[in-house]
Amino acid sequence: MAEPPPVNLKADGHIHTRLCNHARGEMEEYVESALALGLQQITFLEHLEVGIRYDHRTWLRDEDFAVYFREGKRLAEKYRDQILIKLGLEVGLNLQAMDAVSRQLIRYPWDSIGLSYHFYHHNGRHYNMVSRRHENLAALAEIGQDSVISDYFAGLIHGVQSLPCSVVCHLDAVLRHLPHRRFNQSHQQQIDRLLVLMKEKGTALEINTSGFAIRNEPYPCKRIIRSAIESGIPLVAGSDAHRPEDVGRFFDRLPQWLQQ
Ligand SMILES: [Zn+2]
Ligand SMILES: [Zn+2]
């Protein structure tokens, strides 16, 4: 008999809502989608960014968080006999504002805090490392992709050390729009160091299935997931749904993919 996969495929740990300003659908539509799929648990993981200077807001404001928390609690109660609904944050790292970020994290009693690193700070501006917009890619190329990648992993290491995060989201997404880029040896060492730290801290690793749509593989790649499994780091599957129909997306591919 095949071994059970090392991750719970009945739980989607990474779901957005229209409140983040770049997703669509009410929270309840995501719940309905999860129920239709037969999921037993979902975690809303909405975007928190603090002190980011960027022309397009892709995160919740204070008033959005109030709505998010209230509606999330209402839905958790309404559907309590059908599905476990958890509420959390996907916090974006900002090395220039760590204290302010920490203060934001404790404003609500979140069930889960996912750590991401989206915005790279350079000369007083922020560039989105996971965007495909030309101005981001051009600026990051100008700075130098190798150093951006090094800074990305150094940032994540610092974030896991200093923030109370429960899971690291899409760990190698810095490569999302650099398909021909490979990590060099020093990046690999940084990844290994990050995994050791996660193991020590009890931080889980997300298997972000949105990667299947972009590169036919989740984030992070096979090598990293294999090391995480070997080190005994807990895994969480997350669809990163930004549309209700994307809840649990590609979870059906994971058992076979994880067997390899
Ligand atoms: Zn998003
Ligand atoms: Zn993200």
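1. Glycine 144 comes directly after helix α4 and has a positive phi, near 115°. Helices here are DSSP runs of H or I with at least four residues, strands are runs of E with at least two, and both are numbered from the N terminus. This is a predicted model, in which local features need pLDDT of at least 70 and side-chain atom pairs count only at pLDDT 80 or more, while totals for chains, interfaces and linings use all residues. Residues are numbered from 1 along each chain as its sequence is written, ligands are numbered from 1 in the order in which they are written, and side-chain values use heavy atoms, without hydrogens and water.

2. Helix α4 covers residues 134–143, and its buried residues are Asn136, Ala139 and Leu140. Buried means under 20% relative accessible area, exposed over 50%, and partly exposed in between, using a 1.4 Å probe and protein chains only. Down the axis of α4 the buried residues fall within an arc of 95°, so they line one face of the helix; the arc is taken from the directions between the helix axis and the C-beta atoms. His134 and Glu142 are exposed, on the face turned away from the buried side. The buried residues pack against β5, β6 (125–128) and α5, where contact means heavy atoms within 4.5 Å.

3. Two cavities of 30 Å³ or more are found in the whole structure. A cavity is a set of points on a 1 Å grid over the protein atoms alone where a 1.4 Å probe fits but cannot get out, and lining residues have an atom within 4 Å of a point. Grid points are joined across faces, edges and corners, and a volume is the space filled by probe spheres set on the points. The largest cavity holds about 90 Å³. Its lining includes Met129, Leu137, Leu140, Val148 and His177. The elements giving two or more residues to this lining are α4 and α5.

4. Helix α5 also contains aspartate 146, which is partly exposed at a relative accessible area of 32%. Setting aside neighbours within four places in sequence, aspartate 146 is in contact with Arg181, Asn184 and His187.

5. The largest nonpolar core has 76 residues, of which Phe44 and Leu171 touch the most other members. Such a core is a set of buried Ala, Val, Leu, Ile, Met, Phe, Trp, Tyr and Cys residues joined through side-chain atoms within 4.5 Å. Helix α5 (residues 145–162) gives the most to this core, with seven residues.

6. The zinc ion (ligand 1) is coordinated by His22, His47 and His242, each through NE2, at 2.0 to 2.1 Å. Donors are N, O and S atoms within 2.8 Å of the metal (3.2 Å for Na, K and Ca); water is not among the atoms, so sites may look incomplete. Histidine 22 is partly exposed at 33% relative accessibility, whereas histidine 47 is buried at 7%.

7. The zinc ion (ligand 2) has Glu90 (OE), His118 (NE2) and His170 (NE2) as protein donors, 2.1 to 2.3 Å away. Glutamate 90 lies in strand β3 (residues 84–92) and histidine 118 in the loop between β4 (112–116) and β5 (119–122), so the pair ties together parts 28 residues apart in sequence. Both glutamate 90 and histidine 118 are buried. The two zinc ions, ligand 1 and ligand 2, are 5.4 Å apart.

Technical notes
On a 1 Å grid over the protein atoms alone, a cavity is a set of points where a 1.4 Å probe fits but cannot get out, and a pocket is an open set with protein on both sides within 12 Å along at least five of seven lines; lining residues have an atom within 4 Å of a point.
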